[in-house]
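The sequence and the structure are shown first, and the description follows.

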Amino acid sequence: MGVLDQQRDYVLRTVEERGVRLIRLWFTDILGNLKSFAISPAELENALEDGMTFDGSSIDGFSRIQESDVLAIPDPNTFEVLPWGDPKATEARVFCDIHHLDGTPFHGDPRGVLRRQLDAARELGYTFYVAPDIEFFYFAPPERGHAPVPLDEGGFFDLTTTDVAGSLRKQTIRTLETMSIPVEYSFHEDAPSQHEIDLRHTDALTMADSIMTFRLVVKEVAAANGVHATFMPKPLEGVQGSGMHVHLSLFEGEENAFYAADDPNNLSLVAKSFMAGLLRHAAEITAITNQTVNSYKRLVPGFEAPVHISWARNNRSGLIRVPIPKRGNPYATRLEYRSADPACNPYLAFAVMLAAGMQGVKEGYELPPEADANLFEMSDADLGKLGIDQLPQSLSDSLKVMERSSLVQDALGDHIFEWFLRNKRSEWRAYKTHVSAFEIDRYLRAL
Amino acid sequence: MDLVAVFPDPPPPEVARTLDLAGYKWHGVGGADDATRHEPANGWSGAVVAADADPDGAWALCRALRKRDAPVSPLLVLVNGSQLADLELRNDLFDDFCLTPFHPAEVEARLKHLFWRGGDGVRPELVEYSGLALNLETYQASIAGRPLDLTYMEYELLKFLAQHPGKVFTREMLLSRVWGYEYYGGARTVDVHIRRLRAKLGEEHANLIQTVRSVGYRFGQSRWGA
């Protein structure tokens, strides 16, 4: 049997032996929402062989009406029994790649976009590893028109009884571990009811799948306890928002391509030019890494979120941090890209990060000097002298930069590129017509 | 059941009929080159070689099928009474023989027994080590009686390690032996899967897989007690 046959056989036997009643086929729309349809075990063998046809026009941003049918082809490597639900009616899930009926990859599929970028990097001998630190909030179940209510007022690393959400986090981590998602650290963050879970690095495709699972698990566990979990980037004014810092590295076989023993910072040329690529194209990819109107309320000074396009070793005000590895471990040399937020589409976000970095590697971009001062305290004039720009200040700004980016267009493909711009421009227009409480408070009486 | 190579091509009608009735899928091969050309991707699952018409060609084929990295087995030769002497000093070239003219039921019974011995029969294979049990036939794993839900690659890695207890493997070795194909993960993917397996085995069993500093991984205790 070939490898694919063995994997299919493994899936079919496991379904039989574990009494799985329902298999959920998972895939992701362009905005990063998890989509799913379920099939019975009887249909599974056929699905693994030929895929399942479904109407793509029912998914936002997928196909146009006239070519609406697409195929979901399960990736048997991602088959996993779901650890929740009725033990007597076990369910399992498997991620799918989306193809046209003729078998060619469907260009509206974010998983396919990431696969293309990973293949391109692999052509050059590189494997792309990522490890995200994901922040989120727990709130009481939300009511329309009311401000979110935090569960506790605990501070950073608080271990008192006020940390009512601690047991939620514990249950979440246990569930993640049983779903092949290893957790590195978890803790209570700065803001009330804010939590962070750091995932251990994997290749980027596995990680993008893992983040889709992660967001579902966090929400499911919370909901089962009557709590609402949210990955909204800035749910509370005046406290820090939720980011998704992404630790990035490239490996060549067993060697970390970012590590150089003879460099004072242990950064290789590849690491430096990759970082230069990320910096030069940062503004272009921001609409993808920060895709909501709300994302830009997090990217403001004073809340540990980056505002300026700069890098430093241990300065958390810049866009990229180069963490100093424990005991100079060569495997741990990496870059931490700090602007993305957990409401992004992880497939597209990893794809454009890799595309930007690899552009730097291929073109041999020069790394600008390190910005180790606290950038929040510097004037615009001083920043200008250092050649340090700001990240786009709004969804509208970042869309304008993205629109002119051939790098992002190539990475996403025309289908997703155009649909994304259209969809997000209409989000911006809807936002622009909204009259906020800020405006009423400030202007109604005064003007 | 996978594909059985049958010599010569076409085989004697009674050989073809016997195999068909016994439910084997087979393909006629005219010689060593032919056997290579028609070999399925996962290899021949066995061979039946009728030697009476062309003994030289038959033994040349047997030699070609057996003298390679993954010898074809089981291999049944069919010889007539005057060829019994040919079997001497050729014990390594076949697993069993049958005299022609043969009784179809005998050939069928011998093949059934040979395939059972080779593990292609219905016998479930178990790998057990210190509370860990792997059923290689059903792909199911359990630790201390608790079923483990594993992804395919987690299962394959655990199976490989559990089949070689006490032996140290480097990441590259595990990658080539267990993954053995182009994979997005690269060599560090082994670490990722080991970490997942330990989490699924649970704290009290996580040390079944040990990290051997700056080398790789070992399953179970070292044979030298270290």
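## Domains of chain B

Chain B is divided into domain 1 (3–117) and domain 2 (126–219), the bounds being those of an automatic or database domain assignment. The C-alpha centres of domain 1 of chain B and domain 2 of chain B are 37 Å apart.

## Basis and confidence of the model

This is a predicted model, in which local features need pLDDT of at least 70 and side-chain atom pairs count only at pLDDT 80 or more, while totals for chains, interfaces and linings use all residues. Residues are numbered from 1 along each chain as its sequence is written, and chains are lettered from A and ligands numbered from 1 in the order in which they are written.

The predictor assigns the complex an ipTM of 0.77 and a pTM of 0.79. Confidence in each residue is expressed by the predictor as pLDDT, from 0 to 100. The average pLDDT of chain B is 85, and 92% of its residues score at least 70. For chain A the average pLDDT is 90, and 95% of the residues score at least 70. Over residues 154–161 of chain A, pLDDT stays under 50. For that stretch the model has 13 contacts beyond four places in sequence, two residues being in contact if their C-beta atoms, placed from the backbone, lie within 7 Å.

## Domains of chain A

In chain A, the domain assignment gives domain 1 (3–103) and domain 2 (115–440). The centres of domain 1 of chain A and domain 2 of chain A, taken over C-alpha atoms, are separated by 28 Å. Twelve residues from domain 1 of chain A and 17 residues from domain 2 of chain A take part in the contact.

The side of domain 1 of chain A that touches domain 2 of chain A has seven nonpolar, four polar and one charged residues. In this classification Ala, Val, Leu, Ile, Met, Phe, Trp, Tyr, Cys and Pro count as nonpolar, Asp, Glu, Lys and Arg as charged, and the others, Gly among them, as polar.

Helices (H or I, at least four residues) and strands (E, at least two) are DSSP runs, numbered from the N terminus. Axes are lines fitted to C-alpha atoms, for helices over the stretch in contact, and angles run from 0 to 180 degrees between N-to-C directions. Angles under 35 degrees count as roughly parallel, over 145 as roughly antiparallel, 65 to 115 as roughly perpendicular and the rest as oblique. A crossing is left-handed if the near helix is turned anticlockwise from the far one by less than a right angle, and right-handed if clockwise.

Helix α3 (residues 110–123) of chain A and helix α5 (residues 204–224) of chain A cross at roughly 155 degrees, their axes coming within 10 Å; α3(A) and α5(A) are therefore roughly antiparallel to each other. Their crossing is right-handed. Leu114(A), Arg115(A) and Leu118(A) in α3(A) meet Ala204(A), Leu205(A) and Ala208(A) in α5(A). This contact has five nonpolar, no polar and one charged residues. Helix α4 (residues 166–178) of chain A also meets α5(A), with axes that come within 9 Å and cross at roughly 135 degrees, which makes α4(A) oblique to α5(A). The crossing of α4(A) and α5(A) is right-handed. Residues of this contact divide into seven nonpolar, three polar and no charged.

Helix α6 (residues 269–289) of chain A packs with helix α10 (residues 395–403) of chain A at an angle of about 120 degrees, with axes 8 Å apart. The two helices α6(A) and α10(A) are therefore oblique to each other, and α6(A) passes α10(A) in a left-handed crossing. From α6(A), the contact is made by Ala283(A), Glu284(A), Thr286(A) and Ala287(A); from α10(A), by Leu395(A), Ser398(A), Leu399(A), Val401(A) and Met402(A).

## Contact between the chains

The contact takes 25 residues from chain B and 27 residues from chain A. On the side of chain B that touches chain A, the elements giving two or more residues are α5 (152–163), α6 (171–179) and α7 (189–201) of chain B. The largest share of that side, six residues, comes from α7(B). By class, the side of chain B that touches chain A divides into ten nonpolar, seven polar and eight charged residues.

## Backbone features of chain B

The peptide bond from Phe7(B) to Pro8(B) is cis, with omega near -5 degrees. Pro8(B) lies in the loop between β1 (3–7) and α1 (13–22) of chain B. The bond from Ser73(B) to Pro74(B) is cis, with omega near 0 degrees, and Pro74(B) is found in the loop between α3 (55–66) and β4 (75–80) of chain B.
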